[in-house]
Amino acid sequence: MKKINSLKSMRFFASVARNKSITLAANELNLTKAAISFQIKKLEDELGVSLFSRDSRSVSLTKDGYFVLEEITQILSYVDERYAHLKGSLERDNLLIQTYVMPSVKWLSSKLISYKSPVNTQVGIFAMNSEDYDPAISDVGFVLKKSNLCYDSTLDWVRVFPHEVTPICTPEFYLQYKAHIDSGDLTNVPIIATPYDSDEWTAWLALCNKNIQIKPKFIAGDKMIALELGLNHRGIVMVNSPFIRRELESNMLIKPYEESLYQGEWGFVYKKKSPMKNTILDLIGKIMNGSCDEPSFRT
C-alpha cells in the first residue's frame, strides 16, 4: 500500500478540480503553476490513475478523477472538522506540537510532561501520519528532515539528532537465530517490517554489502506495532536508535549488527514570525540542555 505523504496534494487537486484550471488554482493558493502541477503528478503517481484530461486552455476531470474528487472532498472535510474541534478545545495561549506516533510515544511526550513554561503555557501534542510539517495546523513540528529537503525562508529549523536506523531484536531472539544472524543470512530470519521502511532495508543491506533480498514475515501498520512485536521476540525490526534508548540501555533490545544507516535528521521546525516564538525557543532549549529529561527515582 502506498502512502500519501501530504494533505497538500489532495488540497491542490481539489482546487484545480474546482477551478477547472491550474492557473486559477495557483492564483487561489498563491503558488506557482509548476508547484501545483508537481503535486497533481505526485498524487496521480501515488494513486496510479490519471485525474485530469488536459488541453491548451483548461483541464477536466477523468472518470477516475470524479471518483477521487468525491473521496478526497470527504477526507478534507473530515480533517478540517477534526482540526477545528482540536483547535477549539485548546486555549489561545497553548502550544500545539505536531509529530509522528513513534517519536511522540517513545521520546517527546515524556519530555513535554516535564516542561515548565515561564508563562504557564500548556503544551499539546498530536500525531499525524504525514511527513510534512504544516504550519497552518500547529505551532511547531518535531519531524524527520530528509537529506534532500530544504525548508523555505519563512521557517526555522533546529537539529536535535541524526536519523540513525538499524535492525534491532531481543537478546532471546538473537540467541534463537544466532547462526543465521551472525552469518548475515537474513533470508531465514523473521523480519517485521512496515509498509514504509522497505527503502531503509534496501539501503541498509547495500551499506552492509549484503546481496540478498528479504521478504518480511509480517507487515505491521506502523513502527510502534513493529516495535511491540520485536519486544515480544517475534522478529528483527528496523527502528531509529534514539527512540529506543532505554530499551537498549536496559538490554531489552540489542543491535545484532554494527552498521547503522543515516538518512536525514530529526529536529524542530517552526514559523520564524510565530507569535509563540519565545515559548518555542524556551521549550527547545530546555529539551536540548536536558532540563526536560525524565526524573530518576531511587528506592
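User: Which residues does Glu200 touch, leaving out those up to four places away in sequence?

Analyst: With that exclusion, Glu200 touches His163, Val165, Lys223, Met238, Leu261 and Gln263. Note before going on that this is a predicted model. Glu200 itself is found in helix H8, residues 198–207.

User: Is Glu200 buried or exposed?

Analyst: The relative accessible area of Glu200 is 12%, so Glu200 is buried, the cut-off being under 20%.

User: What does the side chain of Glu200 make a polar contact with?

Analyst: The partner is the side chain of His163, at 3.2 Å. His163 is also among the residues that Glu200 touches.

User: Where is Thr170, and how should I read a loop residue of that kind?

Analyst: Start with the neighbouring elements. Thr170 is in the loop between strand E6 (155–168) and helix H6 (171–176). Then look at the accessible area: for Thr170 the relative value is 1%, under the 20% cut-off, and therefore Thr170 counts as buried.

User: Which residues touch Thr170, not counting those up to four places away in sequence?

Analyst: They are Gly230, Leu231, His233, Met252, Leu253 and Ile254. Take Leu253: it is 83 residues from Thr170 along the chain, yet the two C-alpha atoms are separated by 4.5 Å. The side chain of Thr170 also reaches the backbone nitrogen of Phe173, at 3.1 Å.

User: How many of the contacts between residues at least 6 apart in sequence join residues at least 24 apart?

Analyst: In this protein, 75% of them do. As for burial, 42% of the 299 residues count as buried. The protein has 11 helices and 10 strands, and its C-alpha trace spans about 65 × 50 × 30 Å along the principal axes.

User: How do I read a sheet?

Analyst: Strands of a sheet pair through backbone hydrogen bonds, and the pairing is either parallel or antiparallel. Here there is an open sheet of 8 strands, in the order E4-E3-E5-E10-E6-E9-E7-E8, with mixed pairing. E4 and strand E8 (218–219) are the edge strands, each pairing on one side only.

User: Which pairs run parallel, and which antiparallel?

Analyst: Take the parallel ones here:
- E3 pairs with strand E4 (residues 123–127) over 5 bridges, in the parallel sense; Leu95 stands opposite Val123 in E4.
- E3 also pairs in the parallel sense with strand E5 (residues 140–145), over 2 bridges; Val140 in E5 is the bridge partner of Ile97.
- Strand E7 (residues 191–193) and E8 run parallel and are joined by 2 bridges; Ala193 has Ile219 in E8 as its bridge partner.

E10 takes part in antiparallel pairing. It is joined to E5 by 6 bridges, where Gly141 has Val269 as its bridge partner in E10. E6 and E10 run antiparallel too, joined by 9 bridges; Leu155 stands opposite Lys271 in E10.

User: Which way do the side chains of E3 point?

Analyst: In a regular strand, side chains alternate between the two faces of the sheet. In E3, Leu95, Ile97 and Thr99 point one way, while Leu96 and Gln98 point the other way. Both sets are buried: strand E3 (residues 95–99) is mostly covered, with 5 of its 5 residues buried.

User: At what angle do helices H2 and H3 pack?

Analyst: Helix H2 (residues 22–29) and helix H3 (residues 33–47) pack at about 110°, with their axes 9 Å apart. An angle of 65 to 115 degrees counts as roughly perpendicular, so H2 and H3 are roughly perpendicular to each other. Ile22, Thr23, Ala26 and Leu29 of H2 make the contact with Lys33, Ile36 and Ser37 of H3.

Methods: Residues are numbered from 1 along each chain as its sequence is written. This is a predicted model: local features need pLDDT of at least 70, side-chain atom pairs count only at pLDDT 80 or more; totals for chains, interfaces and linings use all residues. Side-chain values use heavy atoms; hydrogens and water are left out. Helices (H or I, at least four residues) and strands (E, at least two) are DSSP runs, numbered from the N terminus. Buried means under 20% relative accessible area, exposed over 50%, partly exposed in between (1.4 Å probe, protein chains only). Contact means heavy atoms within 4.5 Å. A polar contact is a pair of N or O atoms within 3.5 Å; within protein, one must be able to donate a hydrogen and the other to accept it, and residues adjacent in sequence count only if both atoms are side-chain atoms. Two strands pair if DSSP finds at least two bridges between them. Axes are lines fitted to C-alpha atoms, for helices over the stretch in contact, and angles run from 0 to 180 degrees between N-to-C directions. Angles under 35 degrees count as roughly parallel, over 145 as roughly antiparallel, 65 to 115 as roughly perpendicular and the rest as oblique.
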